[in-house]
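Please look at the sequence and the structure together before reading on. The report below is meant to be read with both in view.

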Amino acid sequence: IKYIESNDSEVWVRCTGEESYRTKMNISRWEEFLNPHFVRVHRSFLVNREHIVSWEATQVHLVDETIPISRKYRDSNL
């Protein structure tokens with residue numbers, strides 16, 4: 001798993017490659033369920049630390065994607 005994305009009422013598990021899975025479990029529940037390798041960077045995103053290439057104050061860079069970091073989560077320990 002690269003990251004978990006919440007988009008309105010849908011939650012998607014984004015995996016390496018082109019695989020994605022829709023789930024009924026909300027992102028807060030995923031946050032409780034997943035191990036500490038996952039960090040909340042936005043109300044809509046949980047990111048796997050193992051897939052982070054670099055980060056800035058406002059975004060996290062994965063190999064092929066950029067994910068925003070909201071103000072609320074900027075002080076999280078990436």
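The sections that follow take up the model itself, its nonpolar cores, its aromatic pairs and one of its sheets.

## About the model

This is a predicted model, in which local features need pLDDT of at least 70 and side-chain atom pairs count only at pLDDT 80 or more, while totals for chains, interfaces and linings use all residues. Residues are numbered from 1 along each chain as its sequence is written, and side-chain values use heavy atoms, with hydrogens and water left out.

## Nonpolar cores

In soluble globular proteins, nonpolar side chains tend to be buried together. A nonpolar core is here a set of buried Ala, Val, Leu, Ile, Met, Phe, Trp, Tyr and Cys residues joined through side-chain atoms within 4.5 Å, where buried means under 20% relative accessible area, exposed over 50% and partly exposed in between, with a 1.4 Å probe and protein chains only.

The largest nonpolar core has 10 residues, including Tyr3, Val39, Phe45, Leu62 and Ile69. At least two residues of this core come from each of strand S4 (38-42), strand S5 (45-48) and strand S7 (59-62); strands (E, at least two residues) and helices (H or I, at least four) are DSSP runs, numbered from the N terminus. Another core, of nine residues, lies apart from it, and Ile4, Cys15, Ile27 and Phe38 are among them.

## Aromatic pairs

Two aromatic pairs are found in the whole structure. Rings of Phe, Tyr and Trp (its six-membered ring) pair if their centres lie within 6.5 Å, and planes under 30 degrees apart count as stacked, over 60 as edge-to-face and the rest as tilted.

The ring centres of Tyr3 and Phe45 are 5.9 Å apart and their planes stand at 55°, so this pair is tilted. Because Tyr3 lies in strand S1 and Phe45 in strand S5, the pair ties together parts that are 42 residues apart in sequence. Tyr3 is buried, at 4% relative accessible area, and Phe45 is buried at 12%.

For Trp30 and Phe33, the ring centres are 5.8 Å apart and the planes at 80°, so the pair is edge-to-face. Both residues lie in helix H1 (residues 27-33), three residues apart, which is about one turn of the helix. Trp30 counts as buried at 10% relative accessibility, whereas Phe33, at 55%, counts as exposed.

## An open sheet

Three strands, in the order S6-S7-S8, form an open sheet with antiparallel pairing; two strands pair if DSSP finds at least two bridges between them. Strand S6 (52-55) and strand S8 (66-68) stand at the edges with a single partner strand each, so one side of each is left without a neighbour in the sheet.
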